Amino acid sequence: MSGADTPRERTEKYGVGQPVRRTEDPRLLTGGGRYADDINLPGQAHGVLVRSTIAHGVINGLDTAEAAAAPGVLAVYTADDLAAYGDLPCALPLKSHDGRPLIVPPRPALAVGRVRHLGDPVALVVAVTPARARDAAELVMLDVDPLPAVTTVEQAVAPDAVPVWPDQAPDNICLDWKAGDVAAVDRAFAGAAHVTRLGIDNNRLVVAALEPRAAVAEYDAGGERFTLHVGAQGAFGLRNALANNILKVPPEKLRVRIYDVGGSFGMKAPPYPEYVALLHAARALGRPVKWCDERGESFLSDQHGRDSLVEAELALDADGNFLAARVSGLANMGAYVSTVGPNVQSVNIHKNLPSCYRTPAIAVHMKCVFTNTTPVSAYRGAGRPEANYYMERLIDKAARETGRDPVALRRRNMIPADAMPFTAASGQIYDSGDFAALMDKCLIAADWAGFPDRRAAARARGRLRGIGLATYLEVTAPPGKEMGGIRFDADGGVTIVTGTLNYGQGHAATFAQILHDKLGVPFDKVRLLQGDSDELIAGGGTGGSRSTMASGNAILVAGDAVIARGRQLAGHFLEAAVEDIDFADGIFRVVGTDRTIPIMDLARRAREAGGLPDDLPANLDASLIADTGPSSYPNGCHVCELEVDPETGAVEIAGYVVVDDFGTLINPMLVEGQVHGGVVQGIGQALMERAVYDGEGQLLSGSFMDYAMPRADQVPAFGFASHPVPATTNALGVKGCGEAGVSGALPAVMNALVDALAESGVTHIDMPATPERIWSALRAGC
């Protein structure tokens, strides 16, 4: 950054709204990344988990003697050794419709009495090298009396199903949840001119983050203090969950340190059994203990995503006005209740089902059930993609059934811009949005009107071409609190301290742009500190598309505190009254004079002055906790165009256009990148990804040989545009963007596919629409 740049020129380069490149990329691309598995401490030992190879059964015995005597083995720990610790927590305040609280059976770090899913951990082997630990883990003899396994939601609620938790949930139901005006919905359906119904399978996904989970635990006996080096989504919350609920120590007795994180999508947020066992081993052995998942383990031990089976319904009057929407179904929780799993398939479905439509009444009835599978929790979008998928598929099917144009049907029912603020049937209050204009902008960008010619050309080549439209709205960033810290460092840098966590979003550049705009500090002097719980006084972590709302607002509030302190210090050094000090463009100025002091110079002078009067702040630094404000409501429109080879069922995505409303765009380039990633994950779920268990609970798709993931050559260049309507509920005017790509992609891709197949008689096909499924559907004509 040139020293000759004026404040205006600097803002044009680095301020809010500029496409600044991610500042961490040069370091990461040149091998300077530091991930959890890169942490190596002097004298560290290595841990390997022993996991059940049986999905369900009674533990008769666990013989560790041979493993404990193996060369290089330091210890083998079982559930008995960890009996003093608490269970992995789920504190959701959810209740079934009859008032019963959510059933949360105990989940110790290592299995007690029964194993309940393939990969359930039963022991930790610690040795001097990873190879020694792996070899010894093979020697642990687990004696299990197998029981029948239930792996699908239909099996779980069958009358003769074997309960996963016989004492706590004999019917395998942990939550029977209802929301909405059921009576009004029933009346609307009874009087409807047309009702559209769809049975929808929301396929189970393996998260498959680029970086597997890993951790290093250490214990300081003198200070009676643990440290956990780990990849996660927030240091403050993870520390508190581990300390308060599991280790049962004061939070200050545990330090969580997070460095670079190679993807998470919700999966790495909560405490995991491995962390508890490692922390125990580090204290017991008096030396650090390291563990890293192998990819095959990750398929079994990382929380999965999605997995529900629903019936979705939409009632319309004779003119095509939406009267009510209803969703009921079963959601798979896996063998244990994860931190937020039940919330995803209940509360979040209800919040997001109305989308951008004036639907007067909605009702949601979801049963969350146990199965003998890996626990299910949040995965990018966490219920928001599902709700939008249900609504958008219903609208397309309703249009086809009633002979209406799908665009016109949507436009008829969209909430008009002049109706804002608008209270949706979910009770959410939308503060802003211009849904119809945004949709029109997307249709023009996608050349919707020219599609018939492209379809005809495809037909001449023997291909089936389809086009799909999906509008979406997400409820993001639930209210909470976040830390805002700003430090003026001795080396002339400025450090932002906040409790969100970057794992690919580009927080360092985005937050520096906000701070640069607020205080005028040089962009290239700004650092970001997020991953050390010792440095945080609050922190909600990254999730729910909250980071810019939470940390961005906290930075603004902390910036106000810096300015207030700066006015006092500037008054002292410029020999003026505080009320005569103004601040703009990074400069404190005595009003009506040419006496000024730039903020960076003021920070240096305060640091070097010494002996400042007692009534003055010692520096410009600020550290506070800020409210994050109400939720935001990002929305948008996706148009997907694709071709199907009817001879093979293969799909080629020929074009993809997105127009989004994310309010104020702090960094348009990074926002577009987030959308690209979300769309690709949506394409993956729609066309190829699915975790499949057999009848005995064995994971058939347990590696990348069996679990398909989208590749770069399978997606097109994306068209992206913005139609921003700034949020009125936060000072930056921003709306969450991190997960929105998935919410639009699922229905856009599947609507396009059904459009391509419709002339062959196919009216619905479930995800993942693999070539085999498509080929079979074409031949069945159903």
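What is the relative accessible area of D186?

Analyst: D186 has a relative accessible area of 39% and is partly exposed; the term covers values between buried (under 20%) and exposed (over 50%), with a 1.4 Å probe and protein chains only. The model is predicted, so local features need pLDDT of at least 70 and side-chain atom pairs count only at pLDDT 80 or more, while totals for chains, interfaces and linings use all residues. Residues are numbered from 1 along each chain as its sequence is written, and side-chain values use heavy atoms, with hydrogens and water left out.

The side chain of D186 meets that of R326 in a salt bridge, 2.9 Å from N to O. D186 belongs to helix α6 (residues 182-190) and R326 to strand β14 (residues 322-334), so the pair ties together parts that are 140 residues apart in sequence. Helices (H or I, at least four residues) and strands (E, at least two) are DSSP runs, numbered from the N terminus. A salt bridge here is a side-chain nitrogen of Lys or Arg within 4 Å of a carboxyl oxygen of Asp or Glu.

The structure holds 44 salt bridges. Another of them joins D534 and R255, with the closest N and O atoms 3.3 Å apart. This pair also links distant parts of the chain: D534 is in the loop between β21 (526-529) and α17 (547-574), R255 is in strand β11 (residues 254-257), and they are 279 residues apart. D534 is partly exposed at 36% relative accessible area, and R255 is partly exposed at 21%. R100 and D98 form a salt bridge of 2.9 Å, N to O; R100 has 43% relative accessibility and D98 has 47%, and each counts as partly exposed. A network of salt bridges links R51, R213, E274, D293, E297 and D302.

A buried position is A281, in helix α8 (residues 273-285), with a relative accessible area of 0%. Apart from neighbours within four places in sequence, A281 is in contact (heavy atoms within 4.5 Å) with Y77, L124, V126, G286 and V289. Its C-alpha atom is 9.4 Å from that of V125, which is 156 residues away along the chain.

Helix packing gives a further view. The axes of α12 (residues 384-402) and α20 (residues 740-757) come within 8 Å and cross at roughly 30°. Axes are lines fitted to C-alpha atoms, for helices over the stretch in contact, and angles run from 0 to 180 degrees between N-to-C directions. α12 and α20 are therefore roughly parallel; angles under 35 degrees count as roughly parallel, over 145 as roughly antiparallel, 65 to 115 as roughly perpendicular and the rest as oblique. Their crossing is right-handed, meaning the near helix is turned clockwise from the far one by less than a right angle, and left-handed if anticlockwise. Residues of α12 including R384, Y389 and R400 meet residues of α20, among them V742, M750 and D755. By class, this contact has seven nonpolar, three polar and six charged residues. Ala, Val, Leu, Ile, Met, Phe, Trp, Tyr, Cys and Pro count as nonpolar, Asp, Glu, Lys and Arg as charged, and the others, Gly among them, as polar.

Helices α13 (residues 406-413) and α14 (residues 435-445) have axes that come within 10 Å and cross at roughly 160°. That makes α13 roughly antiparallel to α14, and their crossing is left-handed. V407, R410 and R411 of α13 meet M439, D440 and L443 of α14, a contact of three nonpolar, no polar and three charged residues.
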